[in-house]
Amino acid sequence: MPSSRRPSSTVRHDPVHGQVEVRRSARRRRTISARREDGRTVVLVPAGASAADEDRWVTQMLGRIATREIRRRPSDEALLRRAAELSERYLGGRARPTSVRWVTNQRRRWGSCTPSEGTIRLSDRLQGMPEHVVDYVLLHELAHLVVPGHGHRFWALLSGYGELERARGFLEGVSWRAGEPPPDHPEEDDRDPSDGVDDAQVSVR
Ligand SMILES: [Zn+2]
């Protein structure tokens, strides 16, 4: 094997996904795939891939894996990984949740968080909804870890998320069908950011 060949397998550490092993396969020409194996993510790339291509593919595949997990088997662990990814992409990594979990006791709120503890809870009613909707609720709660209320600064944080209006419209439609109050109805435990309360239980609306 020529010395210019890159090793057939390397392991890197990704802040969101943990251990990521990149395996190069001579049998692979153009296809790239990824899977979870023993708690690490394995990305298979063609042996001849350049370092730049490899980096780009790995990033792409990691994003796809996180999306797939959240849809198929939305474990709390997968949620936390997804949260880290969304925070990185849209909030410059400023939101660092300590836990993200599904809860069964939130019938009227899609999500809630406790900024002082960095905890986020999502209603299990979101399970099975399109990923851009779950992402929106997750991102919404993440943004509250940075800005507690629903003021201008809060919405400015979310402005980079292209599916914002579509996701809100979807949730409005679900609420409307269920005969629930309109989404702009102030929730009793929403606080104004000017209160300076950092322990507000905030929710999606
Ligand atoms: Zn909110």
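User: Which residues of H2 are buried, and what does the word buried stand for?

Analyst: In H2, the residues Ala78, Leu79, Arg81, Arg82, Ala83, Glu85, Leu86 and Ser87 are buried, a word that stands for under 20% relative accessible area, whereas exposed means over 50% and partly exposed lies in between (1.4 Å probe, protein chains only). H2 itself covers residues 76-90, and the name follows from a rule by which helices (H or I, at least four residues) and strands (E, at least two) are DSSP runs numbered from the N terminus. The model is a predicted one, in which local features need pLDDT of at least 70 and side-chain atom pairs count only at pLDDT 80 or more, while totals for chains, interfaces and linings use all residues. Residues are numbered from 1 along each chain as its sequence is written, and side-chain values use heavy atoms, with hydrogens and water left out.

User: How do you know that the length of H2 is close to what is expected?

Analyst: The expected span of a helix is 1.5 Å times one less than its number of residues. H2 has 15 residues and reaches 21 Å from its first C-alpha to its last, close to the expected 21 Å. The helix is followed by Gly92, which has a positive phi near 60°.

User: Why is H3 called roughly perpendicular to H5?

Analyst: The axes of H3 and H5 (residues 164-177) come within 9 Å and cross at roughly 100°. That value makes H3 roughly perpendicular to H5, because angles of 65 to 115 degrees carry that label, while those under 35 count as roughly parallel, those over 145 as roughly antiparallel and the rest as oblique. The axes are lines fitted to C-alpha atoms, for helices over the stretch in contact, and the angles run from 0 to 180 degrees between N-to-C directions.

User: Which residues of H3 and H5 meet, and into what classes does their contact divide?

Analyst: His132, Val133, Tyr136 and Val137 in H3 meet Leu164, Arg166, Ala167, Arg168, Phe170 and Leu171 in H5, where contact means heavy atoms within 4.5 Å. These residues divide into 7 nonpolar, 1 polar and 2 charged, given that Ala, Val, Leu, Ile, Met, Phe, Trp, Tyr, Cys and Pro count as nonpolar, Asp, Glu, Lys and Arg as charged, and the others, Gly among them, as polar. H3 is also mostly covered, with 14 of its 16 residues buried.

User: What makes S5 and S6 partners of S7?

Analyst: Two strands pair if DSSP finds at least two bridges between them. S5 (residues 99-103) and S7 are joined in the parallel sense over 5 bridges, with Ser99 bridged to Thr119. S6 (residues 111-114) pairs with S7 in the antiparallel sense over 4 bridges, and Thr114 stands opposite Thr119 there. The hairpin of S6 and S7 has 4 residues between the strands, and in this hairpin Gly118 takes a positive phi near 75°.

User: How do you know whether Thr104 and Ser25 are buried or exposed?

Analyst: Thr104, in the loop between S5 and S6, has a relative accessible area of 59% and is therefore exposed. Its C-alpha atom is separated by 6.0 Å from that of Ser123, 19 residues away along the chain. Ser25, placed in strand S2, counts as buried because its relative accessibility is 15%. Leaving aside neighbours within four places in sequence, Ser25 is in contact with Val45, Pro46 and Ala47, and Ser25 stands opposite Pro46 in S4.

User: What makes the sheet that holds S2 and S4 mixed, and what is its strand order?

Analyst: The order is S1-S2-S4-S3, in an open sheet of 4 strands with mixed pairing. S1 (9-14) and S3 (33-37) are the edge strands, each pairing on one side only, and the twist averages 25° from one strand to the next. S1 and S2 run antiparallel over 6 bridges, S2 and S4 run parallel over 6 bridges, and S3 and S4 pair in the antiparallel sense over 5 bridges.
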